[in-house]
Amino acid sequence: MALIEDALFTRIKNRVGKAIHDFNLISEGDRIAVAVSGGKDSYAMLHMLDTLRRRAPVRYELVAINIDSGYRGYRGDIIEEHLKEHGFTYHMEKTDHYDIISEKRRPNSSYCSICARLKRGTLYTLAQQYGCNKLALGHHMDDFIETLLLNQFFVGSLKAMAPSMLADNGVTTVIRPLVYVPEKEIIPFSRNNRFPVVCCCCPVCGTADLQRKKMKELLETLERDNPLVKKSLLKALSNVHPRHLLDKGLTRIPS
């Protein structure tokens, strides 16, 4: 089953290709574990990386990896069927993460943070198990910007995400090829290609991370006056002037 190669397809493909070029995300001989959750973003990333792989001047391999956290009703079979239909090499991993979260989570603390840590650790392990030197995650442009604002407003830290970084295990390089792709393009792309989006079935799905929702609403409000506000914020992440910040580790004030 081929993707619909329309103007939207071309725009997203070019944005992913530019990110790969700008941040040197993929090199000759890479074997990339692609985290596929069943959401629109991970499907779009997987298919775009596969499209570029077929046309790229460098050779690289993809292994789609899905993590079943053990939430009741999760339809991993739907994801697996999609991966089979499109001829992807893949692995479906069933875990007891939900049981661990239920046991370890503190009252009123976030499901998302502990779930993400457990998933990430499992992905690192599986990436090494399948001989992958890189792990691709489906964070798009909006995720980068929202994370920047969240850290500034609620953590007191000036940071977001990196398009490429060495993981804490010191072995796996994490890449985020959708850094230049806005969510508003992924939504119709996913719908047009009828990706079988699967809910994670987390008990707080749809209600978690209210702070991130507030950032989305703030950006929507700002966009009404300045349609380029997201592009400006993303550009700011690559246009840093340490001399004009307060971090003493970055700047030394002459005595």
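Does Glu-183 count as buried or exposed, and at what relative accessibility?

A: The model is a predicted one, and the description below should be read accordingly. At 17% relative accessibility, Glu-183 counts as buried, because the value falls under the 20% cut-off.

Glu-183 belongs to helix 7, which spans residues 183–192. Its side chain meets that of Lys-40 in a salt bridge, with an N to O distance of 3.0 Å. The two partners come from distant parts of the chain: Lys-40 is in helix 2, and 143 residues separate it from Glu-183. The pair also belongs to a network of salt bridges, in which Lys-40 and Glu-183 are linked with Asp-41, Glu-146, Arg-212 and Lys-216.

Glu-185 is buried, with a relative accessibility of 7%. Leaving aside residues up to four places away in sequence, Glu-185 touches Leu-8, Arg-11, Ile-12 and Arg-15. With Arg-15 the contact includes a salt bridge between the side chains, at 3.1 Å from N to O. This pair likewise links distant parts of the chain, since Arg-15 lies in helix 1 (residues 7–23), 170 residues from Glu-185.

In total, the structure holds 18 salt bridges. Another of them joins the side chains of Glu-28 and Arg-59, at 2.8 Å from N to O. Glu-28 lies in the loop between helix 1 and strand 1, and Arg-59 in the loop between helix 2 and strand 2, so this pair ties together parts that are 31 residues apart in sequence. Here Glu-28 counts as partly exposed, at 43%, and Arg-59 as exposed, at 66%.

Helix 7 also takes part in the second largest pocket, where it supplies at least two residues of the lining, as do helix 6 (141–155), helix 8 (210–225) and helix 9 (229–236). The volume of this pocket is about 360 Å³. Its lining comprises 18 residues, of which Met-141, Pro-182, Lys-184, Glu-223 and Lys-230 are the closest to the centre. By class, the lining divides into eleven charged residues, seven nonpolar and no polar ones.

How values were computed. Residues are numbered from 1 along each chain as its sequence is written. This is a predicted model: local features need pLDDT of at least 70, side-chain atom pairs count only at pLDDT 80 or more; totals for chains, interfaces and linings use all residues. Side-chain values use heavy atoms; hydrogens and water are left out. On a 1 Å grid over the protein atoms alone, a cavity is a set of points where a 1.4 Å probe fits but cannot get out, and a pocket is an open set with protein on both sides within 12 Å along at least five of seven lines; lining residues have an atom within 4 Å of a point. Grid points are joined across faces, edges and corners, and a volume is the space filled by probe spheres set on the points. Helices (H or I, at least four residues) and strands (E, at least two) are DSSP runs, numbered from the N terminus. Ala, Val, Leu, Ile, Met, Phe, Trp, Tyr, Cys and Pro count as nonpolar, Asp, Glu, Lys and Arg as charged, and the others, Gly among them, as polar. Buried means under 20% relative accessible area, exposed over 50%, partly exposed in between (1.4 Å probe, protein chains only). Contact means heavy atoms within 4.5 Å. A salt bridge is a side-chain nitrogen of Lys or Arg within 4 Å of a carboxyl oxygen of Asp or Glu.
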